[in-house]
Amino acid sequence: MADDVQIALRPLGARKLANTTKTPAQLPSLTPRWLTALLQWKAVEAGVLRVNRVKHDEPVDVACSLQDESDLPGTFVDYDEKPREYVLSSISTVIHINTRVSDLFSSPFDQIREQIRLTVESVKERQEHELINHDDYGLLTQAHPMISTS
């Protein structure tokens with residue numbers, strides 16, 4: 001028999017009718033969300049966070065379990081009159097979705113849901129970048145410079 005004679009269906013032909021297992025769309029530029037999972041989050045109204053601290057880090061003078069009528073210590077906690085304020089920035093974008101594409105090609109993955117999922121992940125990527133690198137409130141700009149001992 002000659003090698004070019006076909007006696008059975010070949011994989012290439014069968015693959016045209018077979019269901020293909022697909023993964024959701026993946027963006028190689030996305031990194032794991034580890035920083036935002038470690039940070040303590042606080043709801044920020046109006047996009048401004050004011051860090052109210054006290055002027056001096058001294059213990060408050062208190063009395064404990066007095067058995068007589070001794071004078072109680074007087075004290076107060078003095079606040080910083082010019083606390084640091086962090087004015088946060090927002091991250092925005094617009095997703096363009098062709099309804100023809102989403103209507104025709106939404107199986108097995110919903111194209112609208114995938115577009116939104118990948119966009120949200122990209123926003124989270126940018127959020128993490130800003131938390132580290134923003135000129136005003138980024139962690140790198142808030143850290144004290146290291147002093148070289150050499």
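## Helix H4

How many residues does helix H4 have, and how far does H4 reach from its first C-alpha to its last? In this predicted model, helix H4 covers residues 111-133, which gives it 23 residues. From first C-alpha to last, H4 reaches 33 Å, close to the 33 Å expected at 1.5 Å a residue.

Which residues of H4 are buried? They are Glu114, Leu118, Thr119, Glu128, Glu130 and Leu131.

## A look at Thr119

Thr119 makes a handy stop along helix H4. Is Thr119 buried or exposed? Its relative accessible area is 19%; the cut-off for buried is under 20%, so Thr119 counts as buried. Once neighbours within four places in sequence are left aside, Thr119 is in contact with Thr93 and Ile95.

## The whole chain

Stepping back, the protein has five helices and two strands as its secondary structure. Read from the N terminus on, the elements run α-α-β-β-α-α-α. The radius of gyration is 30 Å, whereas the globule rule gives 15 Å for 150 residues, so the protein is more spread out than a compact globule.

The C-alpha trace spans about 110 × 45 × 45 Å along its principal axes. As for burial, 9% of the 150 residues count as buried. Contacts can also be sorted by sequence separation: among those between residues at least 6 apart in sequence, 69% join residues at least 24 apart.

## The surface and a nonpolar patch

What does the accessible surface of the protein come to? The total is about 13,700 Å², and carbon and sulfur atoms account for 55% of it.

On that surface you can pick out a nonpolar patch of about 470 Å², made by Val54, Val60, Val62, Val77 and Tyr79. Where is Val54, one of these residues, found? Val54 sits in the loop between strand E1 (48-51) and strand E2 (84-87). With a relative accessible area of 38%, Val54 is partly exposed. Patch residues need over 30% relative accessible area, so Val54, at 38%, is above that cut-off.

How values were computed
Residues numbered from 1 in each chain as written. Predicted model: local features only at pLDDT ≥ 70, side-chain atom pairs only at ≥ 80, totals over all residues. Heavy atoms only, no water. Patch = residues over 30% accessible without salt bridge, like charges linked within 9 Å, V, L, I, M, F, W, Y side chains within 5 Å. Areas by Shrake-Rupley, 256 points an atom, 1.4 Å probe, with all protein chains shown as cover. Salt bridge = Lys/Arg side-chain N within 4 Å of Asp/Glu carboxyl O. Helix = DSSP H or I, 4+ residues; strand = E, 2+ residues; numbered from the N terminus. Buried < 20%, exposed > 50% of the residue type's maximum accessible area, 1.4 Å probe, protein only. Rg over C-alpha atoms; globule rule 2.2 N^0.38 Å. Contact = heavy atoms within 4.5 Å. Expected span 1.5 Å × (residues − 1).
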